[in-house]
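Let's walk through this model together, starting with one pair of side chains and then stepping back to the whole chain. Have the structure open as you read.

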Amino acid sequence: MKKKLKKIKCPICGKETEWENNPFRPFCSKKCKLADLHKWLTEEYVVEAKSDIDKN
């Protein structure tokens, strides 16, 4: 019986890709992995945090 490989969608381009044996997971390629990094570095993505200053 063959093991069914888990398929996921790349969060950048939406292309379906395999989870197993994928060095770029959760992305489909190096290009999409770097595109995601670029979004973090240019602050297109941000993580909201509560400031201690706001408590006063």
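This is a predicted model, and it holds one salt bridge. The partners are Glu 18 and Lys 7, whose side chains meet with 3.7 Å from N to O. That distance qualifies because a salt bridge requires the Lys or Arg nitrogen to be within 4 Å of a carboxyl oxygen of Asp or Glu.

Where do Glu 18 and Lys 7 lie? Lys 7 belongs to strand β1, which covers residues 7-9, while Glu 18 belongs to strand β2, residues 16-18. The two residues are eleven residues apart in sequence, so their pairing ties together separate parts of the chain.

Are these two side chains buried, exposed or something in between? Glu 18 has a relative accessible area of 29%, which makes it partly exposed. Lys 7 comes to 46% and is partly exposed as well. Both calls follow from the cut-offs, because buried means under 20% and exposed means over 50%.

Now zoom out to the protein chain.

The protein chain has 56 residues, and 14% of them count as buried. Its accessible surface is about 5400 Å², with 54% of that belonging to carbon and sulfur atoms. As for contacts with a separation of 6 or more, 7% of them come from residues 24 or more positions apart.

Key. Residues are numbered from 1 along each chain as its sequence is written. This is a predicted model: local features need pLDDT of at least 70, side-chain atom pairs count only at pLDDT 80 or more; totals for chains, interfaces and linings use all residues. Side-chain values use heavy atoms; hydrogens and water are left out. Helices (H or I, at least four residues) and strands (E, at least two) are DSSP runs, numbered from the N terminus. Buried means under 20% relative accessible area, exposed over 50%, partly exposed in between (1.4 Å probe, protein chains only). Contact means heavy atoms within 4.5 Å. Accessible areas come from the Shrake-Rupley method with a 1.4 Å probe; for residues, only the protein chains shown count as cover.
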